[in-house]
Every structure is written in C-alpha cells, then in structure tokens.
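Work through the following exercises with the sequence and the model side by side, and try each task before reading its solution.

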Amino acid sequence: MTVFAEHPDSVLARLAALRAADAPTHGGHVLSYVYDSGLSEIDELAASAMRLVQPVNGLDPTTFTSVAVMEREVVGFARALLGGDSDVVGSVTTGGTESCLLAVKTARDNWVGDGAPRLLAPVTVHAAFHKAAHYFGLVLDLVPVGSDGRVSADAMVERMAPDVALVVVSAPSYPHAAMDPVAEVAAAALERGIDCHVDACIGGCVLPFWGGLSSWDLRVPGVTSLSADLHKFGYAPKGASVLLTRGRDRQRGQYFATTRWPGYPVVNATMLGSKSAGALAAAWAIVHALGRDGLATLAASCERSTAALKDLVDGIEGLRVVGMPVGPLLAVAADESVAPERRVDPHHWADRVRAHGWLLQLQPGFTQADGSRLPHTTHLTVTPVTERVLDELTAALTLAADEVRGVPAVTAEQVFGALPPAVAAGLASPDAPPLDAQTAFALLGLIGLDDGSDGLPERMAPLLALIEALPAPLTERLLVELLARLVEPRG
Ligand SMILES: *Cc1c(COP(=O)(O)O)cnc(C)c1O
C-alpha cells in the first residue's frame, strides 16, 4: 500500500519546472527582492541549517530550546553591530514588515493619551508603516521630502506633539536611498518624550561598514527602536529580521500573552503562533559563519559596485541619480536639465533593460501633501554578486538608454485613450463606487491585464502610468483583483 497519489520525485520535478520559470534568484540579473552574496557556501549553509530545524516549532522556545539560543545570539550580534548597549533587547521576526508592524504596535500600546495616536514619518517611509497604521489604528502623518528624497529635520520636528506615538526615520529610505536626519529627529523626539524608530531594514547590515556616515543607529540618543533585515544584506533566506528596542519595559509592550482560554498559555513576542525556525537557523548560521568581517567584506563589494553604477548612470545622457544615495541602492530619474529629445524616461529604460535580461524595479511618480511632485523613477538594489556582472550590466544599461532616448514618458492620456471613453471617464472619477470582484476583473481585461498569463506584462511603463493616473483607491482595488485572481484555482 502506498500513501502517495503522485510519486514524490515527480512532484519535485514539477516544482523544479515551476522554479525554472521564476525570475532568477542568483547571478545578479534581478536588482530588487533578492540579495545574492555570490557565495554558494552561504546558500548551502543556510539550506543545511533550515533542514536541521525543519520539524521544530518556533512557537515555544521552552520546548525547543535551540530556538531561544539562536534568537539570543542573533539579537546579540545585531545589537553589537548596531550600537546597542545592554539596555537594548530584541526579537527575530519573520521580516522587515513584521519588525515595523511590531515597532508600531509596541509604541501604540505604550502611548498614553486620548483618541487615535499619530504615526509621524517622511512620505518616503516604507509601506509597511502604512500597513501598521491601518492594522493598529494610528493616524498616518506623512511629511513631504525634498527633491533629493530627504526629509528636513525641521519639518519633522514641527509636527511633533503629544498625540504622536512614534516617529519613524529611515536609514536609508527604500524609494531613493535617502538617509533621513536621524540624530536631529531623535534628539527632538527625546526632548518631547516621543519614541523614535529607525527603519534600517535595508541598511542595517551594510551601513555599519559604509564610509563617511555620521551615527544613525542605536548609538544615537533618542532612538528607541531599530529594525534590520537579515534576509536582505544579512544574506539569509526570506523570513528573518531583527527588531531591537531600547529598554526592557518599553519592549515588553511588544508581547502578547493570555492565559484566558482553556488551552496552553500563549506568550508571543511576534505576530505568528506556530512558526518555522528555518530562517532563524539559517540567519544564525550565516551570522556565525561570516561574522562582522565577512559582512564587511561583502558590504565593501556592494559599495564599489554602487559607486560604479552611480557614476555610470550620471554619465548616461538623459538620466540622473536622485539625491545623494546612501547604501547599496539608488533611484534613477529622467534628467530634466537636458532637452526633451535627449531625455531618457526611466520606465521605458527599465522596460528595455528588461528586454536585455535584467530586472529593475519601476517606482511611480508621487504628488506630496504640499503639492510638490516626486518624479517617477527606476530602482536598483546592488548586492555583492553585482560586482561579477558589472561589465555586462553596464553594457545593458547603456544600450537600453540609447534605445529609448527621446521617447516621451507614457502619459495618463495615452493610457485612458486606450480605453472606451465611458470606462475612462468612470475610472478617473474620484467618487466612483467601490468595485465588486466581477467589475474589477472586467476592468483589468479592458486594461489588458487579465490575459491569464502569470507574471508581469512585457512592458511595465504603461502599467505604472496607469497607477499614477488613477485615483489610489481604485488602483489599489484593481491590483488586489489582479493578485487575488492569480491564486484562484484554475480549471
Ligand atoms: C524591505 C524593507 C522593509 C520591509 O521589509 P520586508 O522584509 O519586505 O517585509 C521595510 N523598510 C525598508 C526600508 C525596507 O527596505
């Protein structure tokens, strides 16, 4: 007798075929989402560590004591790396989003006051904080940034008041790699008794080795918590981040505990119940194997490649790097200082770069609360493996720019022009009623996004233009439909 409906080998073969259709996770051709150390030993180590803890339930470190030891040591490593003293404690979470959610939840629960607390941050703060405000009932107060993507400390300080439960700054921000004025904001927050979180999800494991930075981490007085993702520049598989918090009493607000049900006592530092210890074990193994020096060596490679790419982009006629990026990422915009026929639209550019086999990330333009406009950009995250493919990448970026120089950006009018006029008018109206699933799906069809094929459309520039042109609630609803349909059972 067999319990198998399908031979395990055949199941695995099908998974391998599915994986072959994914964007490549290694080799440096995808410049977002994946963080390739370029060292196969690191990937092997992570896989072995994950396998060793595969059956463990990370829910209960008193039953599975390895979980407590690994978490303690990873938190200790991160604390030393990020300037925390013995008053700093922390948790390993499943990712940057969970670290950010928990930082906000903790601050909300520690906040004393009436009404809804406020979450104060630059407009460039990661979307995870929008999610946190939404989940935990805070009012999101977003401060406009300058054209370099950097917020002014004064603009942040001006808005500090007793209803602010948490002020957040990024080190650096994801959209433009801008280093927010951590020291000034944290000092002002400290003076007013407001908690201050540094979102170093992307920077936390590289910026300690970056040249020429003034303090931005837990060394800064007034910084009360900090998030750093191990599954980014800690090169761990997805599912590992650290949230560090200053002060045991403050951090206890992060926990959820209840004995008020007929089952086992529940005491959770993080959002999940039963959870894998896989990413924690992998992160623990990598942290020990690489140590500070290993991370420093990999960071140095990122720094060289980022500098080379920044020089390259600045040297391409029609493109420019936004602001003064800090860390291994940068945003590329059209250079408005050259004549329109010499400009390179960063989204057409990204689409052409993709045709040459490299995946860059398109970011929409954005109108801030003060009416100022942040241009649409293309994002590149640089990893250690980038250095190995720098020549090929340089050639692709340069060629793609030559191919689209002078081609104007896709406009809202063009996007709407492709739709039946009644539909276009309805879409653009801010007070259109909420869409039901069927209508939303039909609209996706009109836009050409329902073709049933998996993955991204061939050209992303028109989709991004649509995102910029439509009212946000509508775009959000359409994207929800797109993603929801993707996982509906077929046939
Ligand atoms: C990646 C990132 C996050 C969110 O992290 P996830 O691991 O994707 O959940 C938050 N903030 C910044 C600055 C990031 O780069």
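**Exercise 1: a helix and its burial**

Helix α4 is mostly covered, with 11 of its 15 residues buried, where buried means under 20% relative accessible area with a 1.4 Å probe and protein chains only, and where a helix is a DSSP run of H or I of at least four residues, numbered from the N terminus. This is a predicted model, in which local features need pLDDT of at least 70, side-chain atom pairs count only at pLDDT 80 or more, and totals for chains, interfaces and linings use all residues. Residues are numbered from 1 along each chain as its sequence is written, and side-chain values use heavy atoms, leaving out hydrogens and water.

Solution. The buried residues of α4 include Cys100, Leu101 and Leu102.

**Exercise 2: cysteines**

Task: find how many disulfides the structure holds, and explain the result for Cys196 and Cys302.

Solution. A disulfide requires a pair of cysteine sulfur atoms within 2.5 Å. For Cys196, the closest cysteine sulfur, in Cys100, is 13 Å away, too far for a bond. For Cys302, the closest is in Cys205 at 11 Å, again too far for a bond. Cys196 is buried at 0% relative accessibility, and Cys302 is buried with a relative accessible area of 0%. The structure holds zero disulfides.

Methods. Buried < 20%, exposed > 50% of the residue type's maximum accessible area, 1.4 Å probe, protein only. Helix = DSSP H or I, 4+ residues; strand = E, 2+ residues; numbered from the N terminus.
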